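Please work through the following exercises with the sequence and the coordinates at hand. Each task is followed by a solution in steps.

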Amino acid sequence: MKTKFNVHKAKLNVHKSEITAIPSDAQCRKMMAETGTLQNMVAHSLQVQRVSLFIADHLEAGGLNRELLSAGALLHDITKTRSLVTKEDHARTGEALLAEKGYPEVGRIVGQHVFLDSYLFGREPSEAEVVNYADKRVLHDSVATLTERMEYIVERYGASPERRDLIQLLWDRSLELELRLFKLLSFAPDDLARLMEENGDAAIRG
Ligand SMILES: [Fe+2]
C-alpha cells in the first residue's frame with residue numbers, strides 16, 4: 001500500500017491550498033471536551049475516525065485529504081450530546097458550529113454524516129462519503145455490519161411510520177454507498193473488522 005499512500009500525500013498538497021483550516025487531533029479533542037461530549041460518544045467518534053482512515057488508506061482512488069477526513073470523522077457528533085436535550089438536528093448544527101469556528105470544510109463533512117447532500121456519486125469518493133459510511137459501520141464503539149447498525153437505528157429512532165420510512169431510505173442509500181466504496185477496495189465489507197484488528201486498529205466487535 002506504500003505507493004498508493006504516497007499518491008494520496010501528493011494530492012493532499014493540492015487540496016490543502018483550497019481549505020480554510022483543519023483542526024488538529026488535539027484541537028478536535030479540546031472541542032469535544034468544551035461541548036461536553038459524553039465519553040461513549042467520544043469512543044464512538046474515535047472508532048469512526050479509525051474506520052474512515054482505514055478505508056481511505058485502502059481506496060484505489062486517491063485525492064482524499066487525510067487530515068480533513070480525520071477531523072470530520074472525529075467531530076461528526078460534536079453537537080450530538082446537547083441534541084439529546086434540545087432535539088436539534090445535530091448534523092446541521094454541527095456544521096454551523098464548525099463554520100463559526102473557522103472550519104467550514106470540516107463542517108460540510110459533519111453536515112452530511114447522516115444523509116449525504118447527493119447520492120449521485122462522482123468519479124472519486126469524497127471525504128464526506130467516507131465519514132458517512134464509516135458512521136454506518138460503527139455501533140457504539142465497535143465495528144459492525146451495515147445491517148446491524150441500521151437495525152439499531154430502526155429500533156432506537158424508528159418510533160413512527162414516517163421515521164421508519166426515512167430510515168429505510170437511508171438504509172437503501174447507505175447500501176448504494178457501500179457498493180460504490182467497495183468497488184474501490186480490495187476487500188469485502190464483512191472483512192473490515194478483521195482487517196482492522198490485524199492492522200492493530202482496535203476494531204473490536206461488541
Ligand atoms: Fe451522528
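The model is predicted: local features need pLDDT of at least 70, side-chain atom pairs count only at pLDDT 80 or more, and totals for chains, interfaces and linings use all residues. Residues are numbered from 1 along each chain as its sequence is written.

**Exercise 1.** State how many helices and strands the chain has, and their order.

*Solution.* Helices (H or I, at least four residues) and strands (E, at least two) are taken as DSSP runs, numbered from the N terminus. The chain has eleven helices and two strands. From the N terminus, the order is α-α-α-α-α-α-α-α-β-β-α-α-α.

**Exercise 2.** Describe the packing of helix 4 against helix 8.

*Solution.* First, the geometry: axes are lines fitted to C-alpha atoms, for helices over the stretch in contact, and angles run from 0 to 180 degrees between N-to-C directions. The axes of helix 4 (residues 66–74) and helix 8 (residues 127–135) come within 9 Å and cross at roughly 35 degrees. Next, the contacts (C-beta atoms, placed from the backbone, within 7 Å): Leu68, Leu69, Gly72 and Ala73 of helix 4 meet Glu127, Val130, Val131 and Ala134 of helix 8.

**Exercise 3.** Which residues have the most contacts inside the largest nonpolar core?

*Solution.* A nonpolar core is a set of buried Ala, Val, Leu, Ile, Met, Phe, Trp, Tyr and Cys residues joined through C-beta atoms within 7 Å. A residue is buried if 20 or more other C-beta atoms, placed from the backbone, lie within 10 Å of its own. The largest core has 34 residues, and those with the most contacts inside it are Ile55, Leu75, Val106, Val130, Val131 and Ala134. Helix 3, helix 4 and helix 8 are among the helices that each supply at least two residues of this core. Ile55 is also one of the buried residues of helix 3.

**Exercise 4.** Is Ala144 buried or exposed?

*Solution.* Ala144 is found in the loop between strand 2 (142–143) and helix 9 (146–157). Ala144 has 20 C-beta neighbours inside 10 Å and therefore counts as buried. Not counting residues up to four places away in sequence, Ala144 touches Arg137, Val138, Leu139 and Arg149.

Definitions and conventions:
A residue is buried if 20 or more other C-beta atoms lie within 10 Å of its own, exposed if 12 or fewer, and partly exposed in between; C-beta atoms are placed from the backbone. Two residues are in contact if their C-beta atoms, placed from the backbone, lie within 7 Å.
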